[in-house]
Amino acid sequence: MSSAGALALPSTSWRTRSALPGFGLSLGFTIFYLSTVVLIPLAALIIRPWELGLSGFVAEVTAPRVLAALKLSFGAAAVGAVLNTVFGLIVAWVLVRYRFPGKRLVDALVDLPFALPTAVAGIALSALYAPNGWLGAPLMWLGVKAAYTPLGVVIALTFIGLPFVVRTLQPVLNDLSRDHEEAAATLGASRLQTFRRVVFPALLPALITGSALAFARAVGEYGSVIFIAGNLPLRSEIAPLLIIIKLEEFDYAGAASVGVVMLGVSFLILLILNGLQALMAKRR
Amino acid sequence: MRTLSACLLGAVAVLAAGVASAADVTLLNVSYDPTRELYKAINTAFSAQWKTKTGDNLTVNMSHGGSGKQARAVIDGLDADVVTLALAYDIDSIAKIGHLMDAGWQKRLPDNSTPYTSTIVFLVRKGNPWKIHDWSDLIKPGIQIVVPNPKTSGGARWAYLAAWAYAEKKPGGSADKAKAYVAELYKHVPVLDTGARGSTTTFGERGIGDVLICWENEAYLALDEMGRDKFDIIYPTVSILAEPPVAVVDKNADKHKTRKVAEAYLQFLYSKEAQEIEAKNHYRPRDAQILASHPELKKLPLYSVDEVFGGWQKAQATHFADGGVFDHIYKPGGK
Amino acid sequence: MTDATMTEFALPRPRAATADHPVARALLTATAMFFIALFLLLPLITVFAQALKNGVSTALAAIVEPDALSAVKMTLIAAGIAVPLNVVFGLAASWAISKFDFRGKSFLITLIDLPFSVSPVISGLVYVLLFGMMGWFGPWLREHDIKIIFAIPGIVLATMFVTFPFVARELIPLMSDQGRDEEEAATSLGASGLQTFRRVTLPNIKWGLLYGVLLCNARAMGEFGAVSVVSGHIRGQTNTMPLHIEVLYNDYQFVAAFAVASLLALLALVTLTVKTFLEWHYADEIAAVHKH
């Protein structure tokens, strides 16, 4: 915590002076709390795999089964994030800009993936999409097997991520003044042009944040996925399940290795996206 | 007059005893997945018995989950007074890795510390449309098998070992043939759930698969819970003698000063009363008489882990450990 | 969303220029509704349909049963501690990040996001690695008879970890968007930091903050994976509602499981209704905030 204190001291070299007070206090507390709740526990995770040595770590995470599971987790999460970006934007737009009966209800529903325990979500989704379920049966008839395949994983991960995009967009869309849009319209821009040139750029940072969060959340998801995934090694086995399996074998180091890789990749993705967002915020 | 005073004295004595020693005692029994119904009944019976014997109010708290996960929780610090797990290997781990009891725990109670046994059977859809009668029928083309993942489920390990024992011990069988058979068998599996209950649900509620390989008690419970008109239980010609052992976790029991009640609790599992409860919950009691009075628990030849696999430590190391035979089955190109 | 609606109410709509074409509007609405129905509504209906399969009284019986009530209590304790702490953190973090320029800012934001990307399984595991018997502090804790994992503190910690970024994440973009002119004006007029925060910043971010708290709370109550690792699953003692649901489901008590699940879903719907009510009640205030 001494580092936090040192960081909190206002020094002109690494920050620009501001007229506002409370920088030391707020940043100090931020870093203290962040360290206690997140960073120190994660350090325990990151230190663990090195009992194996570097070569052991590399061998652990490049085993075909581990690679296949990582590919599935990251791939399905990416597909889910793309789906959520497109549909999440539409949903947020509709919820903020239009009025229609039942809007409140729909708005409330968006939070469902947060409120519903992931295990229940998994059970409900697998009941829906199983070959004898309400949606699984018609899909089966179309020749699509949803539950117990990688497609099932995508469905669960899309479900998990949706609120992130919508809820990140809503406040920004709310705050977005319509003056610019009006100006664009009076200058003769079509509605689509206005959206593309005026609205979309303003929304982009929030949109990126939202999809990044949806993606990051989906990568590690466990509870809702295991019920619908099928869990076949090399085909429909997700990385968090592999972690559990390794724990069952008392292979703490192996479990932590897979965990560290997942953590590292998600961290990098988040870092890049946040950097991008900061860049765009500056441009505006 | 004398009788009256005697009565009074007695009443006072009883009251005093009641006041002085009626303590509230709690035990934590950490168990595996399918024993929920069993221990609910056992706990009620034992608490009543303990109350009349000592006057203490006993509450037995339960924690259920996959056997391996539960063992790990105890090692990590879950305060179990007794463990009642699916296989000896998991309790061995508590002794060896957690150092919470001594390595000779399995000798402390009769019958390898296993008051009841079970075996592995098949559950098929009503009428047995695929005519599945034995292990060899399972790998007919087109059949889909539901079984949990041996990596995460104790019952699944017993199922795997039962299949292996059948293929190795049948006339003309060998270890190599057993490996080929088991590999073929897992090619028919569309869903590997993490636990026994998950598999039963996948098979029963979601309608996946043609046959479920599961605990005998789990199969009967599925009939009770999901409807007798939906499934049939098929006994193969041979199966495995599944021994789910019980033990007092020494260090925890001593710390909580519950050793006496913990030991009595486990011994109770061998009593006539408990053996009858076990049989009613479709476990095979050690008591031959009670077992015989439950003809639905069919007699069939059962291999033990010791005779086919040389004990659990060896079975675990060869088949289920990282890089073991089971992993090999799922190696790409290792088909 | 509300203020947009409210503005439409308030003004006799001179805004045709910014309205979408009716066809586009209908198409977008239909797409949104279809997506919501497929991914959110149907699973929700499944939950309620399963819960009420055997009538309301069976569902109610499952909820008032002692183990279920103890699970509700555990969930309330965990959320009751985790959410306020994360709110304080969220306010501090977003103040520091949005009102000041300093190096390493986007790195800090990424660190705050980190718990989102950590698998729930891992978030539980890290506390086992720290406080478990095989972990760093486990033996010491045991010697001193302090229980963290497989007891309430572990559950609270895991919940805090999982819901860590919610409030901060909601506020940072909002406060960055609003800039710092208003606050700077207030301080130059002699307001203290706390006054500035209370009078200027807080009213501006009130609704975003509320969103954040609601999300944080909903997630805190619904968390399964992480809590599952540190709870020990002792029936009636360390089971939270999601864990109790899993227990019931594994007991073949499907109806009871979905009954408790629908309670969680209802809880979410109730908080959202409260939010809606507040927005309606303070509509003028919100509109005023957004006018200047």
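Q: What sits over the ring of F102(C)?
A: A charge counts as sitting over a ring if NZ of Lys or CZ of Arg is within 6 Å of the ring centre and within 35 degrees of the ring normal. In this predicted model, the charged end of K105(C) is placed over the ring of F102(C), 5.9 Å from its centre. In chain B, R125(B) lies over the face of F203(B), 4.0 Å from the ring centre.

Q: Which conventions apply to the numbering and to the computed values?
A: Residues are numbered from 1 along each chain as its sequence is written, while chains are lettered from A and ligands numbered from 1 in the order in which they are written.

Q: How many aromatic pairs does the structure hold over all chains?
A: Rings of Phe, Tyr and Trp (its six-membered ring) pair if their centres lie within 6.5 Å; planes under 30 degrees apart count as stacked, over 60 as edge-to-face and the rest as tilted. Over all chains there are 37 aromatic pairs. One of them, F267(A) with F107(C), is edge-to-face, at 5.9 Å centre to centre and 90° between the planes.

Q: Why does the pair of F267(A) and F107(C) join two chains?
A: Helices (H or I, at least four residues) and strands (E, at least two) are DSSP runs, numbered from the N terminus. F267(A) belongs to helix α14 (residues 252-283) of chain A and F107(C) to helix α5 (residues 105-117) of chain C, so the pair joins two chains.

Q: Is F267(A) buried or exposed?
A: Buried means under 20% relative accessible area, exposed over 50%, and partly exposed in between (1.4 Å probe, protein chains only). F267(A) is buried at 18% relative accessibility, whereas F107(C) is partly exposed at 41%.

Q: Why is the pair of F131(C) and F137(C) tilted?
A: The ring centres of F131(C) and F137(C) are 6.0 Å apart and their planes stand at 35°, so the pair is tilted. F131(C) is buried, at 18% relative accessible area, and F137(C) is partly exposed, at 40%.

Q: Which strands form the open sheet in chain B?
A: Strands of a sheet pair through backbone hydrogen bonds, either parallel or antiparallel. Two strands are taken to pair if DSSP finds at least two bridges between them. In chain B, four strands form an open sheet with mixed pairing, in the order β2-β1-β3-β10. Its edge strands, β2 (57-65) and β10 (246-248) of chain B, each pair on one side only. Strands β1 (residues 24-32) and β3 (residues 82-84) of chain B pair in the parallel sense over three bridges, and N29(B) stands opposite V82(B) in β3(B).

Q: Where is V219(A), and which residues does V219(A) touch?
A: V219(A) is in helix α11 (residues 191-219) of chain A and is buried, with a relative accessible area of 1%. Contact means heavy atoms within 4.5 Å. Leaving out residues up to four places away in sequence, V219(A) touches S73(A), F74(A), A77(A), P240(A), M262(A) and S266(A).

Q: Where in chain A is confidence lowest, and where highest?
A: Confidence in chain A is lowest in helix α1 (residues 2-8), at a mean of 41, and highest in helix α4 (residues 64-97), at 92.

How values were computed: Predicted model: local features only at pLDDT ≥ 70, side-chain atom pairs only at ≥ 80, totals over all residues. Heavy atoms only, no water. pLDDT = per-residue confidence, 0-100.
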